[in-house]
Amino acid sequence: MWLFDTLRGQKAELLIPRDRPLTLYVCGVTPYDTTHVGHAHTFLIFDVLIRYIRHCGGTVRYCQNTTDVDDPLFERAARDGVPWDELARRETEQFVKDCRALNLIPPDFFPKASEEIATMIPIIERLVELGHAYVHNGNVYFDVSTEPTYGAMARVDGYEALLALANERGNNPNDPLKDDPLDFVLWQRSRPGEPTWPSPWGRGRPGWHIECTAMATRYLGPQIDIHGGGRDLIFPHHPSEIVQTEPYTGKRPFVHFWVHGGLAWLDGQKMSKSLGNLVFIKDALQQHSADALRWYLLSFAYRDDFEYVRSDVPLAEQQVERLTAALAAQGDPKGEPLNAEPFYQTYFAALDNDLDTPKALAQIGALSNAILEAASSGYNVVGAQSALREMAHVFGFWAAA
């Protein structure tokens, strides 16, 4: 299949390994609030990708992390007056419950950053030894000047544009301990009330980016086939992973395909926990079936941002009802067989072309309609139903289970 690689800025051929599992790492949630449809959209992309790779005869080794050591979690815990680890545990449990309800394939590895600190420290030590990082007063920073290609994935014009984008996404350019405002934290002294762990530089906690490097390399190895997440991770998170991982492992590239999903919008604003304009999965599932939510979210091209329109989800429910009816339809076993091959071929050609889920969904809908019409006209629809079930199964619909 052909898949868009964000770093290359174009589609490239993804060869599914036959002698080993394909390795997939997806950046997971920071568990300080409940799962929303933006999260669901991101994880659905990779769920369908895994199912398609399996359909093609490949296997996948899938790691998805939980970022339970991060500023937003600590800030929410302090605001609500609850222990940070209790908040993380509660919201992670809700996230897993939501994923199960949506029929998402569970990862093979589901590490928590808080349980991987011992893996991070040797990586940071090695980066200091190599001259890629420096220590100031108990904090350790990555020196971005040592990697001239830093931020290439973001495709912005020059240092000032990179710095402005980093500042929008949590960078502190005024940190007096930094040599350069764009340098990023590998280890930091904890603020009052935050958890701490021992390290060669004193008690503290890791920075965000090093967490994913440690977990990805521990569970999947020094090089990964596909690394994914939302489009907001294109900078600075994923470029930071690249420049700290490759010197440590000595292998380039760290990742062969960087795959990013579009972001969800609601009422004209990006859906985000910080803004509070969220549609939670647990609430949406009170109003709609899991299959309808899957259909709706996969009806958008995966790399595009999309506006979540509540009134449009019932239209997806109608499509699911027709799919279910088509799978259960009774034609005439002695009648002329309905030819599903054109729908089937177009469906899989769409997935081969950068996971074109809208076009593939259209084929599921069209074949469902054709089966219902053919069954009522006395055709034999058994073979077509088998093709439809296979297509629906790759999309993870409960109706095809």
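Modeller: Strands E6 (residues 139-142) and E7 pair in the antiparallel sense over 3 bridges, where pairing requires that DSSP finds at least two bridges between two strands. Strands (E, at least two residues) and helices (H or I, at least four) are DSSP runs, numbered from the N terminus. The model is predicted: local features need pLDDT of at least 70 and side-chain atom pairs count only at pLDDT 80 or more, whereas totals for chains, interfaces and linings use all residues. Residues are numbered from 1 along each chain as its sequence is written, and side-chain values use heavy atoms, with hydrogens and water left out.

Within this pairing, Val185 of E7 is the bridge partner of Tyr141. E7 also pairs with strand E8 (residues 205-206), again in the antiparallel sense, over 2 bridges; here Trp187 stands opposite Pro206 of E8.

After H1 comes Gly57, with a positive phi near 100 degrees.

In the loop between strand E3 (22-26) and H1 lies His36, which counts as buried because its relative accessibility is 6%. Leaving aside residues up to four places away in sequence, His36 touches Met271, Lys273, Leu278, Val279, Phe280 and Ile281 (contact means heavy atoms within 4.5 Å). By contrast, 41 Å separates the C-alpha atoms of His36 and Glu129, which are 93 residues apart along the chain.

The structure also holds 1 cavity of 30 Å³ or more, a cavity being a set of points on a 1 Å grid over the protein atoms alone where a 1.4 Å probe fits but cannot get out. The largest cavity has a volume of about 30 Å³, the space filled by probe spheres set on the points, which are joined across faces, edges and corners. Thr35, His39, Ala40, Phe43, Phe95, Asp98, Cys99, Leu102 and Leu104 line the largest cavity, lining residues having an atom within 4 Å of a point.

Notes. On a 1 Å grid over the protein atoms alone, a cavity is a set of points where a 1.4 Å probe fits but cannot get out, and a pocket is an open set with protein on both sides within 12 Å along at least five of seven lines; lining residues have an atom within 4 Å of a point. Buried means under 20% relative accessible area, exposed over 50%, partly exposed in between (1.4 Å probe, protein chains only).
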